[in-house]
Amino acid sequence: MCWLTDADVLSALAKQAATLPSCLVLTGQPATAHTAVVAVDQLVGMRLLVEHVIAQGAQTLCHIAGGMSWDDAVVRATAFEQLCKERGVRGRVVAGGGWSAASGYAATHTTLESGKPDAILACNDNIAVGVLRACHEAGIIVPDQVMVTGFDNTPLSEWTWPSLTSVTQDFQELGTAALTALTKILDGESPTQTILIPELIARESTSKKGTT
């Protein structure tokens, strides 16, 4: 069985992992004697985004987090803070409260009350849609005044205005890898951990005039 991993799912899985061959998808959890793991390297994904906006001139960064009961949201927020510290830029994490455009919209208004950052890195593309709407309503020009990024590179990221810079999570590849991992367990092989590497997709939401 394949599981997406929030805290409740991990708790339920722990109770039956010894009897049910399983595969965790989109998680930083390690493989165990009965559970395989298929994940996208979240640290690499966040590093691509942080380094990209810094290269475009950003020195104050904000990360709007996703639902923090999800392992990936925690990993992305932690990676963001670590990377900002390493690169010597100011970074802060704002609680989004979920994964929706509405949560991104509300969190952006909270963010702007404390001052306008150079870049807002949303925890997923849906949150980023809300960020774009809130910036538009506040009269903030993206990307000239604030750069915005998402995460996942979902199909909608090409159709926002401006189009959204994001990083790939190839869900088809994840699904294929998860089924392969489960098949190997059922064939008697030991569970494995498969880590996929994301790719930066730069679009208009970070393409400031005079930069490349």
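1. Ser157 sits in the loop that runs between β7 (147-149) and β8 (166-167). The model is predicted, and the points below should be read with that in mind.

2. Is Ser157 buried or exposed? Its relative accessibility is 0%, so Ser157 counts as buried, the cut-off for that class being under 20%.

3. Which residues does Ser157 contact beyond its neighbours within four places in sequence? They are Asp125, Ser163, Leu164 and Arg203.

4. On the chain as a whole: six helices and 10 strands are present. Of the 212 residues in the protein chain, 49% are buried.

5. Counting contacts between residues at least 6 apart in sequence, 70% link residues at least 24 apart.

6. The largest nonpolar core contains 19 residues, and Ile64, Ile120, Ile127, Val131 and Val148 have the most contacts inside it. Two or more residues each are given to this core by β4 (60-64), α4 (101-113), β6 (119-122) and α5 (125-137). The largest share, five residues, is from α5.

7. Ile120, one of the residues with the most contacts inside that core, touches Cys62, Ile64, Thr108, Val131, Val146, Met147, Val148 and Thr149, leaving out residues up to four places away in sequence.

8. There is also a second, separate core, made up of 17 residues. Among them are Ala58, Leu83, Cys84 and Val89.

Technical notes. Residues numbered from 1 in each chain as written. Predicted model: local features only at pLDDT ≥ 70, side-chain atom pairs only at ≥ 80, totals over all residues. Heavy atoms only, no water. Helix = DSSP H or I, 4+ residues; strand = E, 2+ residues; numbered from the N terminus. Buried < 20%, exposed > 50% of the residue type's maximum accessible area, 1.4 Å probe, protein only. Contact = heavy atoms within 4.5 Å. Core = buried A, V, L, I, M, F, W, Y, C linked by side-chain atoms within 4.5 Å.
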